Amino acid sequence: MPLRLACQAMGTRFELVLAGQREDQLRAVGELALEEIQIAHGRWNAFANDSVLSHLARCAGGPPVTLDPETFDLLQTCVRVAKQSRGFFNPLLGPLLHKLGLRDETKLDPAEDLGTLLDVKGLVLDPKGHSAQLTRPGMQLDLGAIAKGAALDLAARVLVEEGVTCALLHGGTSTALALDPPPGKDAWQVVIGPEKHAPRAHLAHSALSVSAANSRRGSLPRGDHSHILDPHRSRGTRHLKAAAVVAPNAATADAWSTALVAGCLPSDPPQGLGLLTQTTSDSWLLAPGRPSCFHIEPCTTTTPPLTAAPF
Amino acid sequence: MHDNHSSPDRRTVLMAGAGGAATQILPDFLAARPHLGADLRVGLVGVGRQGRAILAELGKFDEVTLVAYCDTDERRLGSAARRAKGAKGYATQDAMLAAHPDLDALLIATPTHLHRAPCEGGLAAAKHIYCESPLAHSIEDCRAITAAAASAGKVFQTGYQGRANPVYKLARSFVRSGAIRDVLSMSAQSNQKNSWRTPASDPVRDKALNWRLDPEVTLGLAGELGAQQFDVLHWFTSKYPVRVEASGGILAWRDGREVADTVQARLTYKDGSQLSWNATLGNTYNGTQELLMGTMGTVRLAWSHGWLFKESDAPTQGWEVYANRQQFHNDEGITLIADATKLASQGKLKKGIGLPHPGLYYGLETFFQSITQDKDVVCSAEEGLRATAIAIKVQTALTTGQAQDISEADLASK
């Protein structure tokens, strides 16, 4: 019987499904992994005054800030994906979120050029000093498009270090990370969406992330189609309905699924990532030449996903 | 220690002014980067959970360099190497001090029952010491540490963080100036959902890492969770309990443990007032908080946040018109914001809601300032001993089932 543990973090529910011999040890390891997620939440929460992100924002325009290794690694991934996606993934959307009224009532300096504040070149990383610098006052990181995945990666690292290798983890049912498959199976099966014939992903030592354009439409300014922002047009995206990405780690899957919905091309993500896009409500497309991690033929069963929640 | 009894006034209470002042000087507690005025070289003793938290906060102090760290657990040393770039790891404190005799200060984050040796060793080597709370697991060790601190002539701070917390300092100034008038009762809780078990691959490591569940050495929930809160309430009221009763049991984690996971205690004071304290490892509702209920109002504290709930017949102050308020069911709380006027004058009042750093940061900051700026120590070894002694009494009451009287001698450092 697998052990399930859960916690609230990053505005959603994280859940771990662990298999192993001794339940007390499994629980102890699982709690350590959940603690890692809580630490990540504390660091990367743009809404909390005491997070690393808020500290970086307060220091924007000043000298570099020394970071913990996890945050530094995450920002490196952010910069890499931002470049590869031609800016459709952008970790500096804080000012845009404020402008669109999706954050607190902090007012932007009207004289400040929004494009400058969103320019990823303004996030300078120093691998030697393990430091980061936001070069202009007003710049603000928002890692909402990658933090859940990164937290899952850290939790999985704890599990593996402590000897738990058979596990499925998910954050808010939109990003999942699989280690070894369940005994007797060759993969964890995750159903993407609540529909009867929804596509499935087969995961083992890989991660899946699904981004959908309309999941929080109610909070958007009138006329916008999506809570996922197109950084080049400074508004909600109108590109895809949804995108699913399978990648070796959850942060990468998380970031690229957002970038695809925001507007980048299926050819932009590095080779080796599995891609599935949804252009209309009943039309899923497999990107050609990519790993076959998905099944989109009509499913023969309607078995719910292991996490018992729609992806 | 200075004891500020002055009334909170328009400079300290919360106001949302029209803003527009030209100055951009933020309150000290909101400053992005602390200025200590001198460079410090520090060593970290113990790199488990609390050591890791300390590591994360040290990065915010430009003038503090973590030179070295030590831990007897090899795996934790490996993990610290990843987090503490540029610092060197050692298996023992002696080896660390031998290799780095020029360290200014040591931060002690070993298990509670292993505080005494590194404190005494560090003080003997003329290092300033920050020792995590509780001070120790026994009154004998507390007194030994206190004696060593008294004779060393170095800064010694116990890690009771409430005393360094800007929200708590503001709340205390309200309470002590009579904002809630006479304190009738106090309550505190520390609720979390966690088995307290640390994974370990072999029995030796299991015993070492799971010291919180070892009845031979642990102070249980009273020591590891309650002592911080006991200290806050004693600091607010200058009262120490004279009697304690406690009960509890293993209600959430029936996994063979011998240490209670759910505890209730009643601490009675000389004037008849009481502190009711609850803690559990099986439920997270309302987390960690303290309440002081007075005849004119109630102060609720939740580490990064604080609120004042006024009684209807309490006098109204002019500043209340502008106060930031928050509704809790039928009650409306006034948010406690340190340096509110300064923030309001810049239109940044809301930036003061919720501290910009975790409580640990302020504990470390005040320790460093005591070294470099000769500021008063916010929680001395003697104060640390008193809160720890109360926790020891609670734990004794719990394990024996007998109420414990607390005399002045029980709280004395000699």
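Mentor: Two parts of the structure are in contact when they have heavy atoms within 4.5 Å of each other. This is a predicted model, in which local features need pLDDT of at least 70 and side-chain atom pairs count only at pLDDT 80 or more, whereas totals for chains, interfaces and linings use all residues. Residues are numbered from 1 along each chain as its sequence is written, chains are lettered from A and ligands numbered from 1 in the order in which they are written, and side-chain values use heavy atoms, with hydrogens and water left out.

Trainee: How many residues of chain B are in contact with chain A, and how much area do the two chains bury?

Mentor: Chain A brings 28 residues into contact with 28 residues of chain B. Buried area is the accessible area (1.4 Å probe) that two parts lose on being put together, summed over both. Carbon and sulfur atoms account for 45% of the area buried between chain A and chain B, which is about 2,400 Å² in total.

Trainee: Which element gives the most residues to the side of chain A that touches chain B?

Mentor: Across this interface there are 12 residue pairs in polar contact, with both residues at pLDDT 80 or more; a polar contact is a pair of N or O atoms within 3.5 Å, where within protein one must be able to donate a hydrogen and the other to accept it, and residues adjacent in sequence count only if both atoms are side-chain atoms. Two or more residues of the chain A side come from each of α1 (23-44), α2 (52-58), β3 (65-66), α3 (69-84) and α6 (147-161) of chain A, helices (H or I, at least four residues) and strands (E, at least two) being DSSP runs numbered from the N terminus. With 11 residues, the element that gives the most is α1(A).

Trainee: How many salt bridges does the rule find across the interface of chain A and chain B?

Mentor: A salt bridge is a side-chain nitrogen of Lys or Arg within 4 Å of a carboxyl oxygen of Asp or Glu. A:Glu161 and B:Arg82 form a salt bridge, with an N to O distance of 3.4 Å. Over all chains, the whole structure holds 29 salt bridges, while the count across the interface of chain A and chain B is five.

Trainee: How far apart are the centres of the two domains of chain B?

Mentor: The domain bounds come from an automatic or database domain assignment. Domain 1 of chain B covers 12-27 + 166-355 + 380-411, and domain 2 covers 29-162. Taken over C-alpha atoms, their centres are separated by 25 Å.

Trainee: Which residues in domain 1 of chain B lose the most area to domain 2?

Mentor: In chain B, 35 residues of domain 1 are in contact with 27 residues of domain 2. The two domains bury about 2,600 Å² between them, 62% of it on carbon and sulfur atoms. On the domain 1 side, three residues that together give 19% of what that side buries lose the most: B:Gln228, B:Ala381 and B:Leu385.

Trainee: Which residues form the salt bridge between the two domains of chain B?

Mentor: The count between domain 1 and domain 2 of chain B is one salt bridge. Its N to O distance is 2.8 Å, and the side chains are those of B:Arg205 and B:Asp73.

Trainee: Which residue of chain B has a positive phi without being a glycine, and which two are joined by a cis peptide bond?

Mentor: Most residues other than glycine have a negative phi, and most peptide bonds are trans. In the loop between α6 and β7 (183-191) of chain B, the residue with a phi of about 60 degrees is B:Arg181. B:Pro134 lies in the loop between β5 (128-132) and α5 (139-152) of chain B. With omega at about -10 degrees, the cis peptide bond joins B:Ser133 and B:Pro134.
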